[in-house]
Number of protein chains: 2
Amino acid sequence: MKKTLNVIKIGGNVIDSSEKLHQFLLDFTALPGDKILIHGGGKVATELGLSLGVEAKMVEGRRITDIETLRVVTMVYAGLINKNMVAQLQARGCNAIGLSGADGNVIKAVKRPVKDIDWGFVGDLDAASVSTETLGSLLNAGLVPVLCAITHDGDAQLLNTNADTIASAVAVAMSSLYETALIYCFEKRGVMRDVEDEDSLVAEIRMHEFDTLKNEGVVSGGMIPKLHNAFEAIKSGVAAVYIGKADELPQINGGNFGTRLIQ
Amino acid sequence: MKKTLNVIKIGGNVIDSSEKLHQFLLDFTALPGDKILIHGGGKVATELGLSLGVEAKMVEGRRITDIETLRVVTMVYAGLINKNMVAQLQARGCNAIGLSGADGNVIKAVKRPVKDIDWGFVGDLDAASVSTETLGSLLNAGLVPVLCAITHDGDAQLLNTNADTIASAVAVAMSSLYETALIYCFEKRGVMRDVEDEDSLVAEIRMHEFDTLKNEGVVSGGMIPKLHNAFEAIKSGVAAVYIGKADELPQINGGNFGTRLIQ
């Protein structure tokens, strides 16, 4: 039987609050078994960019990563956020090791091809981009990889990369070695039947129910691509995907964390 | 017989020149056997500090690391410089892994006690601060650790740390597992009999010759503490210390790199 592995992703809503981050890192440390943490950015990068006069260039509501922006996100994600997070985990007894995709070549992405829009130094990747060998040997050495959203192209170029995509690719790739759960922490408790009602959480969605829930409007807007990607990960070998609120993470041991997506 | 390990330290004079850095990383990659790279900062941190209005506070010509300066050096050393260096090494086929002292708890330092001067968030360390177990398992996994000059105190505090001291502590600690050489790259070819004469390199100094060379004035100024620390490292188990110019690194295989210090 394969060992279990939890791949957990947190974003700005946890990172931007030192209180929430503190609590999350305690809960993450307490989680038994092998685990990998993936973190995105947060408002610190935007603030640093502003202080340095690096103007945010947006297209269709999304940021273009020019060379100046890449410098900023490399400093903030791989430096400031990653190292402070690792130091906090170490203080709690979690033997964390902070990594970009360049470190140990754990994630080799491809610079997004220029079509209508030049997104700049942005990396695209899939499960084949992930070095399961290096991540596996770090886990075997008792280390807990903490991945930031910076990758490289194998040709000395760092790339800004979507943390959700990294989490999914890592979970799919590691499924060859582990029984893997992918856990997305975001601002809501999970998929809600009624957004106004905190108690209307949908505890579990099976793949064949996804279309029905879309038709009923229970799953709508930004939740549709999130769940679509989650079920793609499940099709590619991930045992289960959880979507829920960071502060409810401890409940995952009882199987009561957020919405659980399975085959 | 123990395997050999080269612990190499570079500073601003290499890091600040993209041309020199490029060449150095090629030469470093070509170096056979197990190796660890340690890098200091460079003028990028000073420039970023200026851009952000972080005023350099100096005492006795040395910088105080206040909380704002710590943020800047964490971003630049652990983020910008370390990750770009790792990406460049990966592109050359060297399986580098960039680390701060917090990562895998490889270096746990102590915040310098406040006596006459409060140096701020500066770390002091010795060989006992180094996790030979984690560094050893990374080397055994075929990885090449690239350490920046940021450490932690084990209680969630990052610390700015002297890269020469890290290099020496790592070399001494790893001497329990490896036949270790410690290699300092700096701006000169090594110890020179005549600073005006490029050909007056002193190829080798044995410990008992140190006092004589000091009395003769061949070793003077900033070279005295450098050599003193080097011989301390040798007393503590390091097989040899080399002091030389980064661009002559390839000559180390023929034993002709800089000044070699031995027992």
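Analyst: The model is a predicted one. A:Ala156 lies in the loop of chain A that runs between β9 (150-152) and β10 (158-160). Its phi is near 80°, which is a positive value in a residue other than glycine.

B:Asn105 is not a glycine either, and its phi is positive, at about 55°. This residue is placed in the loop between β5 (96-99) and β6 (110-111) of chain B. With a relative accessibility of 25%, B:Asn105 also counts as partly exposed.

A positive phi is found as well at A:Gly93, where the value is near 90°; this glycine follows α4(A). The helix itself deserves attention. Helix α4 of chain A comprises the 25 residues 67-91, and at 1.5 Å a residue these should span 36 Å; the C-alpha atoms at its ends are 35 Å apart, which agrees. At A:Asn82 the helix α4(A) bends by about 35°. Of the 25 residues of α4(A), 20 are buried, so the helix is largely enclosed by the rest of the structure.

The wider setting is the pairing of the two chains. Chain A can be laid on chain B with an RMSD of 0.0 Å by a turn of 180°, with a shift of 0.0 Å along the axis. The two copies are therefore related as by a two-fold rotation axis. Chain A and chain B each bring 39 residues to the contact. Between them an area of about 2800 Å² is buried, and carbon and sulfur atoms give 71% of it. On the side of chain A, the residues that lose the most area to chain B are A:Met75, A:Leu80 and A:Lys83, which together account for 19% of what that side buries. The copies meet through the same surface, because 100% of the interface residues of chain A are also interface residues in chain B.

Neighbours within four places in sequence being left aside, A:Phe24 is in contact with A:Ile8, A:Ile10, A:Val14, A:Leu37, A:Cys185, A:Ala246 and A:Leu249. In soluble globular proteins, nonpolar side chains tend to be buried together.

Methods:
Residues are numbered from 1 along each chain as its sequence is written. Chains are lettered from A and ligands numbered from 1 in the order in which they are written. This is a predicted model: local features need pLDDT of at least 70, side-chain atom pairs count only at pLDDT 80 or more; totals for chains, interfaces and linings use all residues. Side-chain values use heavy atoms; hydrogens and water are left out. Copies are superposed by least squares on the C-alpha atoms of residues with pLDDT of at least 70 in both. Contact means heavy atoms within 4.5 Å. Helices (H or I, at least four residues) and strands (E, at least two) are DSSP runs, numbered from the N terminus. Buried means under 20% relative accessible area, exposed over 50%, partly exposed in between (1.4 Å probe, protein chains only). The expected span of a helix is 1.5 Å times one less than its number of residues. The bend at a residue is the angle between axes fitted to the seven residues ending there and the seven starting there. Buried area is the accessible area (1.4 Å probe) that two parts lose on being put together, summed over both.
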